[in-house]
Each structure stands twice: as C-alpha cells, then as structure tokens.
Amino acid sequence: MNTLKVAGKFLDQPILVAKFQKAVPAVLLGGATAYTAHEIAHAPHNKRKKAAIRIGTTMAFTVASAIAAPKITNRIFKSDDLPKSVNQLQKRASNLVDEFLKKHDTDENTVKLLNKAKEKVLKFDEVKTLFKTFNKDEKGTKLLNELIPDPENITAHEIHSEIGRLSVFGLIPVIGGIAGGILGDKFTTEKWKHRIPDKIKEGSYQYLANIFLCNIGAGTALGIMENFNIQSKAARAAGMVAGIIATGVVGGSAIANFIGNKVINPMFDKNHKHKSLFEERKPEALDIGLHTDDIATVAVMSGLKWIEPALPLMYSISGYRAGIGYRNGQKH
C-alpha cells in the first residue's frame, strides 16, 4: 500500500474521526473567543463596549448555528448514517479483533497493534505496518478494511442528495451569521436597518460563490463521470476540482454580484444605480482561501470520513463575514 493510501486509512480511523467530531465545538468556541477578544482589543477605547456587543452577538449566532448545522441537516435529510460515539466504535472494534484472533494465529507485535486498535487511535507507522503485515493475507486485509472502511464512491442517484445536504449544511451558518449581525447592530446603533442590505449581499456572496455553486460544480462533474463509469478516485477528485473552479471560483463571484446588484440592492433602495459586475464586491485572497472548504466537499463526495467534522469550522468564516456585512474593507 502506497503512502497516500496509508495516509487516507490513518485519517479515516473511525475512532479518530469520532474524537475530532467531539472536539470541533470546543475548537470553534475557542477560536471564536480568541478572535472576538482580539477585535475588541483593537477597537477604539470609547467604542469597545459596542464592539464587544456587536462582534460577540454576531460570533455567538454564527458559532451556534455552525455547531447545530450537522444535526439540523441530518434531520432535514433524514440521514440514517449518524455519527457513532467513541464507546460504540471501541465496542465494535473489540468484537472484530477478538473474533479474528480466536481463529487466526499471528505474531506478538501484530497482536499488540490489533489490541491497541480496539480502543485507541493507531499512529501512521502502525497503520502502515498492519497493512504491510496482512498484504497477502485475505482475511487479515478484510479485518483491517472492517476496522477502517474504504471510502465509497457515491452513485448518480446519491449525487443530488449529497449536493443538497452539503448546501443546506453551509447555508445554516450563513443565516445564523446574518441574524446575529442584525441583532448586534440593533443593540448598538439606531441606524441598524441601513446595514441589513450589506449583510444580505455579503451572505449571498459567501453562500453562492464559496459554497452552493461550488457544490453544484463538483456534483455536476461527479455526475458526468458517473455516467461514463469512471471509478478512479483520483480522476473523480480531479474532475470535481475542475467543476468547482468553473462554477465557483470563476463564475460564483460574478453570479453573486449580479444578484446583489440587480435583485437585492433594488429591494432596499428604489433609487439604486446599478454598478459594474465587480464594483459591488471584488474577490479577495481570503475568498480564494475559503475554497479550501470545496476541497472538503470533494473529500466528502469521494467518501472520506475525516474531513466532514471540519465543515462547521470552515463554514463559520463565511457566516461571520455575512454577519458583519463585509464589503472589501469598508468599515462600519
């Protein structure tokens, strides 16, 4: 087994994924608290109280909605594939290993590693050693693939559902950020209504350019490859990245700006004068950076399990930017 496949198996260990899933809320809360404190400390002294209320409220709604997004999404799509607890996974692993060792003789070091796999996360080298040991042992390989299941390519039938699920997942933190931003403004300024359009425009920009259209691009590419019966995970991943670049990175900001300019602005300002396509909101380095969540989309659609727990962390950035109504460095 090559290094890349070993890395995939190492990261996809169910116990490791479950522990990461459990840690995400604490990581998200810690990061949000640190960022909020930093922003308050750098606000003018006479405005720190209002900054604390505004930023704190926006961040609180964003984080709460990002943490709740997986559960809400699973309920909407009635998902049966709910995350298992660490204890459940440990019990399952113990049963698999004990049953295998009853019927198969193996060396002491391998027994030690298999017993460790029952309750703990294996190191990279330990995963590599086990797969190398059972390289020509069909039953041993079957055990390892039951302990750490291979990623499954989703079918054409499942593609639309997966696009919808990931799109709803990303929408929830954006809505939460906008709601928190509006409430934070209402607490701190009488002109809070004037700031709503920017929040909605930024929310539509974040969602369309950085989340939804990228999902559409990845899903469309995956559907095409499914129709041509392309099963190679590398080819499918490359195709999805190409789809993301075409619909999200290149076209997403243009479409989002068009909607903001032609639809959202006139809703709030009847005398609005239309701007050029990228005068409304220009793509920035961080916007490109936010497309790392599209790599997560590719990973999730490719069947990898370890990346999905990180989605709330990634989508919360879009949610917060929507909440503050970010417009290319404009300060409110």
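**Entry 1: nonpolar patch**

I looked for nonpolar surface patches and noted one of about 310 Å², made by Ile224, Phe228 and Ile230. The model is predicted: local features need pLDDT of at least 70, side-chain atom pairs count only at pLDDT 80 or more, and totals for chains, interfaces and linings use all residues. Residues are numbered from 1 along each chain as its sequence is written, and side-chain values use heavy atoms, with hydrogens and water left out.

For the patch I took residues with over 30% relative accessible area and no salt bridge, joining nonpolar side chains (Val, Leu, Ile, Met, Phe, Trp, Tyr) within 5 Å and like charges within 9 Å. Accessible areas come from the Shrake-Rupley method with a 1.4 Å probe, and for residues only the protein chains shown count as cover.

I then placed Ile230: this residue sits in the loop between α9 (196-227) and α10 (233-250). Helices here are DSSP runs of H or I with at least four residues, strands are runs of E with at least two, and both are numbered from the N terminus. Ile230 has a relative accessible area of 31%, so I list it as partly exposed. My classes are buried for under 20% relative accessible area, exposed for over 50%, and partly exposed in between (1.4 Å probe, protein chains only).

**Entry 2: salt bridges**

I counted a salt bridge where a side-chain nitrogen of Lys or Arg lies within 4 Å of a carboxyl oxygen of Asp or Glu. This rule gives 10 salt bridges. I went through some of them.

**Entry 3: Glu99 and Lys103**

I found a salt bridge between the side chains of Glu99 and Lys103, at 3.4 Å from N to O. Both residues belong to helix α4 (residues 86-103) and are 4 residues apart, about one turn of the helix. Glu99 is partly exposed at 38% relative accessibility, and Lys103 is exposed at 62%.

**Entry 4: Glu162 and Arg165**

In the salt bridge of Glu162 with Arg165, the closest N and O atoms are 2.8 Å apart. Why are they about one helical turn apart? They are 3 residues apart in helix α8 (residues 156-188). Glu162 is buried at 14% relative accessible area, and Arg165 is buried at 12%. I also noted that Glu162, Arg165 and Glu308 are linked in a network of salt bridges.

**Entry 5: Lys201 and Asp198**

For Lys201 and Asp198 I read 3.4 Å between the closest N and O atoms of their salt bridge. Both lie in helix α9, 3 residues apart, about one turn of the helix. Lys201 is buried at 8% relative accessible area, and Asp198 counts as buried at 15%.
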